[in-house]
Amino acid sequence: MILILKSNATDDQIDHVLERVEAMGLQHHLSRGTFRTIVGIIGDEEKLRQEPMRAIPGVAQVIPVLPAYKLASRDAHPESSVIDVSGVKIGGGNLGMIAGPCSVEEPERMFRIAESVCKSGANLFRGGAFKPRTSPYAFQGMGEEGLRLLREVGDKFHIPIVTEVTDPRLVDLVSEYADMLQVGARNMQNFALLTEVGKSTRPVLLKRGMSATINDLLMCAEYILSQGNSNVVLCERGIKSFDPATRNLFDVAAVPAVQALSHLPIIVDPSHATGRPDLIPPCALAGLAAGADGVHIEVHDCPEVAKSDGPQALLPEQYDELASQMKSLASLLGKTISPLPETLV
Ligand code: PEP
Ligand code: MN
């Protein structure tokens, strides 16, 4: 950590800063410039983070050298992580192709959509059984019945299932049925939920909050990792902006930006990022071109009757066309799309 002292810091204040550092059992290196004095601190930065260093008289600025997300950071783990979701790999050159409706709906529809996206090359099937809705009057999901249905679909087509868990009390229940737990944008900073999914053995899909910085996202991943669950995949799903032309603002630069900072895979969700079927294919391809480790897309066979997010759903045939473009791009990029496993592991 580096402390930059105020230009008018007195000798007594400088001595006091050095005493405080020594009292913490750390070493310091003082550098007196013409205008500013700088103190370099050598030792465990975590110890320092707990201290309000900027409250010491004479200190102007505190600059950490290492990120606070030490488990999620690439410094700690230079190799890109590969996350195994019941036999389907995401990261390190393996692309996750997540597809399915926003909400779990009636069985025939679920089987129909799943059959179609599996044929197109999807390797993870999604659907929300517990829906975090902006309005308390909107459809809240089918609950456990929806989980049961997802499991049947997963078992029939040998495709792993990813579904959202909205409450720490539901983590055990959702883990019984799902291969991967989704933490949604609205819950990214639900620390009790992050702690609970961190204790689960299921891989976690952590979506970026709509007002979250990249640092916030990585700190939330750290919550999960710090509980012992290192199987985390991040998801860029758009952030709030001033422009209502798209549902959110697709932050494609977040993909390489996160990859420079973290070893965790990051996928893109152009469905929630744009909210517009016409923009989803180009943004999905842009995400892959920017280095994303996968793409998450909502697909519905009759969007006009969808229980949620119908206006942004791709039709199965539109998904099929996009999937073939994604496959071509993947091979151009030298990446692999994990095939469905013979049996789910
Ligand atoms: C979803 O995946 O359907 C969803 C609600 O996503 P987000 O949390 O990104 O809004
Ligand atoms: Mn949705």
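Predicted model: local features only at pLDDT ≥ 70, side-chain atom pairs only at ≥ 80, totals over all residues.
Local features need pLDDT of at least 70 and side-chain atom pairs count only at pLDDT 80 or more, while totals for chains, interfaces and linings use all residues. Side-chain values use heavy atoms, with hydrogens and water left out, and residues are numbered from 1 along each chain as its sequence is written.

Oxygen atoms of ligand 1 lie 2.6 Å from a polar side-chain atom of arginine 237, 2.9 Å from one of glutamine 182 and 3.2 Å from one of histidine 272. The protein covers 97% of the 290 Å² of accessible area that ligand 1 has on its own, as computed by the Shrake-Rupley method with a 1.4 Å probe.

Turning to the charged pairs, the structure holds 21 salt bridges, each defined by a side-chain nitrogen of Lys or Arg within 4 Å of a carboxyl oxygen of Asp or Glu. One of them joins arginine 151 to aspartate 155, with the closest N and O atoms 3.2 Å apart. Both residues belong to helix α4 (residues 144-157), where they are four residues apart, about one turn of the helix; helices here are DSSP runs (H or I) of at least four residues, numbered from the N terminus.

Note on methods. Chains lettered and ligands numbered in written order. Polar contact = N/O pair within 3.5 Å; in protein donor to acceptor, adjacent residues only side chain to side chain. Helix = DSSP H or I, 4+ residues; strand = E, 2+ residues; numbered from the N terminus.
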